[in-house]
Amino acid sequence: MKERDLRKVLTKPTTDETMDQKITDSLLNPDLNDMNSNKMYSRNIKSYRFSKVAVIVAAFIIIGTGTVLAATRHFVKSYPSKRDVLTEEEYIQKYGSALNVEEIYEEVTKKYFGPGNKKLTLPRDSDGNLLEVTDDGYVVFPDGSSYKPIYELYTPDPDRHEKAKKSGDEAFAYMGYPNLVPTYIYDNYVLGEKGFCIYETTRDGYDKKWTMTEFFKDAYDTGDFSSEVIYVTFSPAEHSTKNSTSILVDDNTTKDDYAYSTYTTKGGILCSLSKHVDGNIIADINFDSDTIGNGHMMIEFIGFSNKMDTVKEILDTLPLTEDIVDYQDTIEE
Amino acid sequence: MENILSAEKFISEEWILYKYNLYKNMLFQITFSYLGNKYDCEDVLQEAFIKLCYHAPEFLDEEHEKRWLIRVTINLCKNHLKSFWNRKKISINGLEEYFTTEEEIEIMSDIIALPEKYKSAILLHYISGYKIAEIAEILNITESAVKMRLKREREKLKIELDGLV
């Protein structure tokens, strides 16, 4: 290939009128939704997220329910999680048929537990100090001038962390489990706008429920909400998770793109870690418990490529304790 | 002229449209090379311009602004691809809308498939027209690292040099 051919191809795509109109409209009329820059991904994420659900459904074949306990820490037996990374073609070869995402999606019902939070900041001056907002919605600048913004101002809920935990209590209780989200997440991150989402479906004679929830960095002072994002997925398991394997169907990555390791939390819980070459980290926790039930938890950390210590700190606050505590505070990279 | 409030400054409708028209195609081409489809590009472009209009720092000059915007856009593309749920669903089915020959589609598919780490250097050079020293400044890496990235990408894409760099 000639350089000029490469340049010609690279510079060929251009925006079209429809796209120009949509983007400039949003720039010139920055209402609540448009100013929520992260929300703009919602259309795409909706379908991607569903794919995630489908993979989880396929991965965790055994689904069940447990019993709610009021205790803050729960004794469980944790097991390593095996992850298989397959292309769609390999998946078909191995399991005989393709993963039908659309079919699963059609059957799923969703229930939300909130309220979640918007990724919007209040106006600030160049030093980051909040500007005064009058009761009738005018922003007052230090020189006394004021202006009424054409977009709605959003004030973060001062009780957002407590409310997130309460929503988690309700969402997990709906699945028959205690709240299993690491407390560090409740204390330092913000529940995504949709809140906890519980997915329900009946397949192969089983009623299945699982949750998948977004938390983003509490960045109302900087607006940098996307620098750290955490997705918590929990799937109840009817049978033991001891030998369960999760399957990631992905045509764009291979098993070799992940560095696999384990971390044992201070509570003795074994976490299987997969760090992708691009930096995102996935922690899988499989556990069995006679008291709370069995389950699979997957926590995806985005924006933590150089923050393994924070990941470990978060995992240490999982409200789970190993039945036979084994303090092995090491990580095998 | 209608003034719109940002957190730190007043901006005019004319200013927004001027900036949008100035940068839209360059940024679209960069995002397309990462994401491979119009719809994801539109989202990233929208977010990049919102950052420029409402959350940008003060710039020394237009070149400073352009480099900041390029960096923001590349970072947004990378963020978009960070989650493997997104990465696994990258769709390049819309290439026919922009490319007419099989050869062009093949070239663009190869570009999209390039590792993210090395892609930015080649895009900054061939789309934005930056020289090696400028790319090094923008990406905050050494000139030799830029040369190495360009060399590797050219090898991957089997590019014959026109003697431009």
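I looked up contacts in chain B between residues at least 6 apart in sequence, and 60% join residues at least 24 apart; two residues are in contact if their C-beta atoms, placed from the backbone, lie within 7 Å. This is a predicted model, in which local features need pLDDT of at least 70, side-chain atom pairs count only at pLDDT 80 or more, and totals for chains, interfaces and linings use all residues. Residues are numbered from 1 along each chain as its sequence is written, with chains lettered from A and ligands numbered from 1 in the order in which they are written.

I listed the elements of chain B next and found eight helices and two strands (DSSP runs numbered from the N terminus, H or I of at least four residues for helices, E of at least two for strands). From the N terminus the order is β-β-α-α-α-α-α-α-α-α.

I then checked helix H5(B), residues 102-113. The buried residues of H5(B) are Ile107(B), Met108(B) and Ile111(B) (buried: 20 or more other C-beta atoms within 10 Å of the residue's own). They fall within an arc of 95° seen down the axis of H5(B), so they line one face of the helix; the arc is that of the directions from the helix axis to the C-beta atoms. I noted that these buried residues pack against helix H1 (3-10) of chain A together with H1 of chain B.

Last, I looked at H2(A), residues 17-28, against H1(B), residues 13-35: they pack at an angle of about 145°, with axes 10 Å apart (axes are lines fitted to C-alpha atoms over the stretch in contact, and angles run from 0 to 180 degrees between N-to-C directions). Residues in the contact include Ile23(A) and Leu27(A) of H2(A) and Ile16(B) and Tyr20(B) of H1(B).

Methods:
Expected span 1.5 Å × (residues − 1). Buried ≥ 20, exposed ≤ 12 C-beta atoms within 10 Å, placed from the backbone.
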